[in-house]
Every structure is written in C-alpha cells, then in structure tokens.
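User: Could you take a close look at one edge of this model for me, and walk me through what surrounds it? I'd like one connected account that I can follow on screen.

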Amino acid sequence: MAELLRTHPLQAWAGAFERLPDTVRLTAEPYVAMVDVRLSAVGAEASAALGLDLPTAANTWVPTDDGRAVWLGPDEWLLTSTTEAPEELEARVRAAVLPLGGSAADVSAQRIGLRLTGARVRDVLATGCSIDLHPRVFGRGRSAQTTLGQAGVVLLSLSDGGDDHVVLVRSSFAGYLADWLLDAALEFTPTTARQE
Amino acid sequence: MQLIPCPWCGPREEAEFSYGGQAHVPYPDSPAELSDEEWAHYVFFRANPKGRFAERWNHGAGCRRWFNAIRDTATYRFERVYRLDDPKPGVTELARSREEGTAP
Ligand SMILES: [Zn+2]
C-alpha cells in the first residue's frame, strides 16, 4: 500500500514565494491546532475556565499563551494553539465551555495560514479587498472576515505599521489564493528582483 | 461596488451579503389552525413597496449573522441597519438620522 505523506497545500508554491522581494514577502505558516468555539455568555466564568479572555469587540484578535483567539461573531471564536495537538486543544476547550452551555469543534484541517510581511503587502491586499487596511484603522489586534480576490479569508493584523498580516484561508482555496497573491504582488515587485 | 454596513463588521462589499426578504413577518400564533389560504399568505405574500422597506440580510462572507436593514427600494440606499433584537426604527427616527447625516 502506498504510504500517505502529509504535505502542505502550498508546498509547490515555496519556490515562487522565495523569489519575492522583501517588500512583499509570503510565507506559508506551519500547521496549528484550531478550534471553533460557540459560547453565548462570555464573562469571568468563561475566562477562568478557558484561562484567557475571549475578545468581545467585533473584528479583533488577542494573543494567547501559545496561539491566538480570534473574534468570528458575537458568540463565536477561533482558538489556535501551536503547542497542543488538535484533539488535545478540542478536548480542553470543550471541557471548559460545555458546562457554560458552549461547544467546541476541531477545525484544524479547515484553514491554513499565510504570513504576509513587508512594506508593500498592504497594497497587495488592497487590490483584492475592500476593507480599510490603513494601520490607523487596521493596526495590531484587528481582524476581518472578508473576501480576498474570490476567496473567503480571515485577515489578522500583526503590527501597527501595516506591514505584517496573517491570512487564514480554507486549504482547498490556498492554491488559488497563492496564485492570486503572486499575481497581485507582481505590480509591487521591482523587475530586477524577478528572475525566471 | 456598493458597500453595505454590517452592524457587526462595518462597511463591506455587497457581494459578501445575501438577501433574506421582508423583515418583521410574524410567525402565526397557532399555525395548525390556519386555513390553506391564510398559510399561503404567511409563506408567500410579501410587501413590495417603492421606497423604504425593512429587510433581512445575512453577512455570509463575514460574521455570518442575520441583521435587519431599512433600504430604499427605489434608490438602493441603506438608511439604517440594526440587529435582530433591536426594534424596527420609526419613520420620524429615520427622518431625523437623515437630517443629522447619521444614516449609514
Ligand atoms: Zn458582519
């Protein structure tokens, strides 16, 4: 029987990403465990059970001990962890929110992360996204669920300079989005740095 | 593309939303007692005004929440968006927010 190896959906794009200039840098983020949390009442009880304060402001994210907590809706969050296995994270979060009437579902396989860094990534994103990305509005801690090109994404801002973002995209859309980003980046890539 | 102000996410492209028809259509108190005609009226009959219309919208590509909006069907202008648990804004309230320029 053939051995099934786990490969990253963007493995084939690594070479193209490497040829990009520092002003528009794309990096596929390693796999992380992700859990979708539904919880209607957020308060001290939930914070104590989870060991973190879920962000209640719309379109924000907060760093946690080993990951991020992203607002997805008034009663929905995405929790990520770089150290826990998906089933560990799911079991821990479920045990914490179940007594409060909430639920947790492992969605680790749903999305992958793409890190966008550099002085021009904001311009690249702006070519396919209608939200205001200026750091005054979209600084560190802001997030948005929106469409980038034709793909639905979760966009996270990691810096107050507007030069560091993470795009969470469905794995099956990752190839499309990578192609789209490379094409959009072309405009902001000096010709000398482009080698075929 | 027109931007629609989601009550949670703020202004987003119209393509991120889907339309849910007339808002504030009450579910019948005792559906089992309705005649076929009354039931048909509840299921199929909707207002079709020219002008302000209270509608349901869903922000499918964003927060995936339903909300209500007052939209002018002649101009496509969104005069007000509000959450499902907010009351339907009255005519005077809408007129005031238009004068003060606080309409979205
Ligand atoms: Zn929304």
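Analyst: Happy to! From the N terminus on, chain B runs β-β-β-α-β-β-β-α, with helices (H or I, at least four residues) and strands (E, at least two) taken as DSSP runs numbered from the N terminus. Residues are numbered from 1 along each chain as its sequence is written, while chains are lettered from A and ligands numbered from 1 in the order in which they are written. This is a predicted model, where local features need pLDDT of at least 70 and side-chain atom pairs count only at pLDDT 80 or more, but totals for chains, interfaces and linings use all residues.

Of its 104 residues, 18% are buried (20 or more other C-beta atoms within 10 Å of a residue's own, C-beta atoms being placed from the backbone; 12 or fewer is exposed, in between partly exposed).

Now to the edge itself, strand S8 of chain A. Chain A has an open sheet of 5 strands in the order S1-S7-S10-S9-S8, with antiparallel pairing (two strands pair if DSSP finds at least two bridges between them). Strands S1 (25–28) and S8 (143–148) of chain A each have a single partner strand, so one side of each is left without a neighbour in the sheet. The average twist from one strand to the next is 30°, using lines fitted to C-alpha atoms, for helices over the stretch in contact, with angles from 0 to 180 degrees between N-to-C directions.

On its paired side, S8(A) is joined by 6 bridges to the antiparallel strand S9 of chain A, residues 151–157. One position to look for is A:Thr147, which stands opposite A:Gly152 in S9(A). Across S1, S7 (111–117), S8, S9 and S10 (164–170) of chain A lies helix H5 (171–185) of chain A, at about 135° to S10(A).

S8(A) also takes part in the contact between the two chains. That contact takes 10 residues from chain A and 11 from chain B (residues are in contact when their C-beta atoms, placed from the backbone, lie within 7 Å). On the chain A side, S4 (68–73) and S8 each supply at least two residues, and the largest share, 3 residues, comes from S8(A). This side has 3 nonpolar, 7 polar and no charged residues; Ala, Val, Leu, Ile, Met, Phe, Trp, Tyr, Cys and Pro count as nonpolar, Asp, Glu, Lys and Arg as charged, and the others, Gly among them, as polar.
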